[in-house]
Amino acid sequence: MAEDSNSAQGGITLFSPYKMPNFNLSHRVVLAPMTRCRALKGVPNAALAEYYAQRSTPGGFLISEGTLISPSAPGFPHVPGIYSEEQVEAWRNVVDAVHAKGAIIFCQLWHVGRASHAVYQPGGAAPISSTNKPISARWRILMPDGSYGVYPEPQPLTTSEIPEIVQHYRQSAINAIRAGFDGIEIHGAHGYLIDQFLKDGINDRTDEYGGSLENRCRFLIQVVQAVVSAIGAERVAVRVSPAIDHLDAIDSDPLRLGLAVVERLNNLQKRLGRKLSYLHVTQPRYTAYGQTESGRPGSEEEETQLMRNLRKAYQGTFMCSGGFTRKLGMEAVAQGDADLVSYGRLFISNPDLVLRFKLNAPLTKYNRKTFYTQDPVKGYTDYPFLNKGDMSKEPRASL
């Protein structure tokens with residue numbers, strides 16, 4: 001396992017402090033990036049400021065929802081961007097609200113690639129990808145009117161077009177720092193654009209971006225290098241999901257792919273003489289219908305072993321996500337399987353999740369029907385905070 005003075009002390013819990021390259025955290029419960037569709041016309045508003053501030057704690061760490069790097073990046077309605085001056089100024093209000101609570105926040109940079117539709121694309125163009133293969137009918141895309149549509153055939157990026165996309169990531173990172181974010185997370189997971197280059201179940205290219213692991217990792221590493229050169233390694237993080245089959249993102253050898261990404265990130269850190277902020281990996285249990293990429297039920301032992309192999313190989317801060325409960329999170333940090341654990345759905349319905357975890361208090365159930373609505377309050381900022389009466393209403397959560 002990579003050396004970690006935080007874990008070597010023993011007795012580590014979710015509520016133990018942790019030192020990242022640039023930041024001192026008071027606990028290890030992280031707000032995961034989650035699309036919520038509340039940024040009307042792509043611009044953050046007061047509702048976002050309230051939402052993130054509600055989930056902020058002194059010394060806590062938050063990651064923004066996926067934030068678009070260009071007009072061609074969206075695949076959901078009303079998701080925020082970071083490519084225009086209006087968006088940069090609007091995000092500043094959100095970041096200020098988080099900082100006022102003493103928390104740290106990173107901006108997740110996002111391009112969905114083929115997981116889009118002409119209705120979201122400038123001029124009604126086809127979405128871009130590594131391939132011309134569309135996402136299968138197993139999946140549906142959320143349309144602006146709330147209905148669900150079929151994913152169209154994408155347009156594969158030419159070799160000469162890729163540097164422009166890399167530049168979009170770089171400029172968005174610069175914009176995020178201008179908006180006051182403490183750093184950025186590159187979204188290279190869950191079947192979106194970067195993952196469409198990484199996975200051999202999607203990437204069918206025959207140029208220098210396809211075929212071998214070296215070639216399939218090339219786009220990600222070029223993006224990381226470009227962003228690091230702009231804002232510094234300590235403010236840059238990467239998220240990957242080698243074993244996740246979301247949006248047909250299947251790879252024939254997830255562990256080999258994950259280790260290849262880790263090796264290249266380690267080599268980059270060695271050349272720079274500096275660490276990236278962290279590596280964020282989604283647990284394999286977060287797959288479609290609760291199954292592994294091969295379609296057979298995945299065992300907890302297999303999942304844990306894959307994550308431990310990546311954790312052992314990566315030389316830096318390691319964050320896990322994907323279906324974690326309080327109990328699983330406590331076990332992960334206690335056993336040294338992760339330094340930090342990010343929580344999504346539980347944080348949606350429990351803005352004071354850190355306190356509830358500390359007290360092992362009851363958790364409010366989330367309502368999936370309001371995950372992707374545009375209401376600025378309902379299902380967004382109206383979930384209750386813990387009060388003294390809550391502790392006696394029902395048994396403590398066995399999480």
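Thr-35 sits in the loop that runs between β3 (29–31) and α2 (46–54); helices (H or I, at least four residues) and strands (E, at least two) are DSSP runs, numbered from the N terminus. With a relative accessible area of 16%, Thr-35 is buried (buried means under 20%, exposed over 50%, partly exposed in between; 1.4 Å probe, protein chains only). Not counting residues up to four places away in sequence, Thr-35 touches Glu-65, Phe-76, Val-79, Trp-110, Phe-371 and Tyr-372, where contact means heavy atoms within 4.5 Å.

This is a predicted model: local features need pLDDT of at least 70 and side-chain atom pairs pLDDT 80 or more, while totals for chains, interfaces and linings use all residues. Residues are numbered from 1 along each chain as its sequence is written, and side-chain values use heavy atoms, leaving out hydrogens and water.

The largest nonpolar core has 104 residues, and Ile-186 and Leu-220 are among those touching the most other members. Helix α6 (residues 213–231) gives the most to this core, eleven residues. Such a core is a set of buried Ala, Val, Leu, Ile, Met, Phe, Trp, Tyr and Cys residues joined through side-chain atoms within 4.5 Å.

There are 13 salt bridges, each a side-chain nitrogen of Lys or Arg within 4 Å of a carboxyl oxygen of Asp or Glu.

| Pair | N to O distance |
|---|---|
| Arg-92 and Glu-89 | 2.6 Å |
| Arg-205 and Asp-207 | 2.7 Å |
| Glu-331 and Lys-327 | 2.7 Å |

Arg-92 and Glu-89 are three residues apart in helix α3 (residues 85–100), so about one helical turn separates them.
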